[in-house]
Amino acid sequence: MPRAPSPCKIVPLEFDGHRLDLGTRQLFRGSTEVHLSPKAFDLLQILVANPTRALSKTELHDRLWPDTFVTEANLASLVAELRRALADQAAAPKFIRTVRRYGYAFCGQLTGEVETPPRRPTCWIVWRGHEIPMHEGENILGRDPAAEASFDLPSVSRRHARITVAGDSVTVEDLGSKNGTLVRTERITGPTPITDLDELQIGSVRIVVRVLRGGEPTQTV
């Protein structure tokens, strides 16, 4: 899996006299190129690709420095570099807004579009050779056709279990099913953490859980 932000399909992208070319990795003010370090450019790319939401410091750290420990000062330094390059000010931001005790957001007026490819889920389950992605938040496993993972088998309750994904943290909880939920052959009685390659059983259904850590599975098969 790529370590850097994924390449984007781009149409002309401009904001307040600036032009951003993600294909050639160049930022221009008018006809003059504005130089950025590679990581600062990556940060700007991530922010403009998410113009409708603020990004947490944790998410930015994970996307800029996967599998690498860095201090919070590294991210603050990149933000400061971007603001200098854009002649932006933290107290009255035109482009990079600080979200107090959370992270940062792009607040400029963009023209053009940045289309990013869908990100691979951080968790999925494997059953009979099929991969079923688990989205961020709650995922129901059961016989209900509307469940995120539906198993039309009599041993499986309608709403049998729930997998909750919160970034790299994944837990499973039985929902009062008739036949119970097992993790690593042990019947669970409450929310239970699960990790990459854990075996999960709901009724007669046995599945394998895959979990990404820092962009890649922690184990290989």
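Student: Is Phe95 buried or exposed, by its relative accessibility?

Tutor: Please keep in mind that this is a predicted model. Buried means under 20% relative accessible area. Phe95 has 1% relative accessibility, so the residue counts as buried. Phe15 likewise counts as buried, at 1%.

Student: How many aromatic pairs does a search of the whole structure find?

Tutor: Two rings pair if their centres lie within 6.5 Å, and planes over 60 degrees apart count as edge-to-face. The search finds three aromatic pairs. In one of them, the ring centres of Phe15 and Phe95 are 5.3 Å apart and the planes stand at 70°, so the pair is edge-to-face.

Student: Which parts of the chain does the pair of Phe15 and Phe95 tie together?

Tutor: Phe15 belongs to strand S2 (residues 13-15), whereas Phe95 is in the loop between H3 and strand S7 (96-99); the pair therefore ties together parts that are 80 residues apart in sequence. Phe15 and Phe95 also form one aromatic cluster with Phe106.

Student: How far apart are the ring centres of Trp127 and Phe151?

Tutor: Their centres are 4.8 Å apart with the planes at 90°, so this pair is also edge-to-face. Trp127 lies in strand S10 (residues 123-127) and Phe151 in the loop between S13 and S14, which means that parts 24 residues apart in sequence are tied together. Both Trp127 and Phe151 are buried.

Student: Where does the charged end of Arg19 sit?

Tutor: It sits over the ring of Phe28, at 4.3 Å from the ring centre.

Student: How many salt bridges does the count come to?

Tutor: A salt bridge requires a side-chain nitrogen of Lys or Arg within 4 Å of a carboxyl oxygen of Asp or Glu. By this rule there are nine salt bridges. One of them joins Arg53 and Glu59, with an N to O distance of 2.9 Å. Arg53 is partly exposed, at 35% relative accessible area, whereas Glu59 counts as buried at 17%. Arg53 and Glu59 are linked with Arg63 in a network of salt bridges.

Student: Which residue forms a salt bridge with Glu72?

Tutor: The partner is Lys57, and the closest N and O atoms are 2.8 Å apart. Glu72 in helix H3 (residues 72-86) and Lys57 in helix H2 (residues 57-64) are 15 residues apart, so the pair links distant parts of the chain. Lys57 is partly exposed, with a relative accessible area of 24%.

Note on methods: Residues numbered from 1 in each chain as written. Heavy atoms only, no water. Buried < 20%, exposed > 50% of the residue type's maximum accessible area, 1.4 Å probe, protein only. Helix = DSSP H or I, 4+ residues; strand = E, 2+ residues; numbered from the N terminus. Phe/Tyr/Trp six-rings, centres within 6.5 Å; stacked < 30°, edge-to-face > 60°. Lys NZ or Arg CZ within 6 Å of the ring centre and 35° of its normal.
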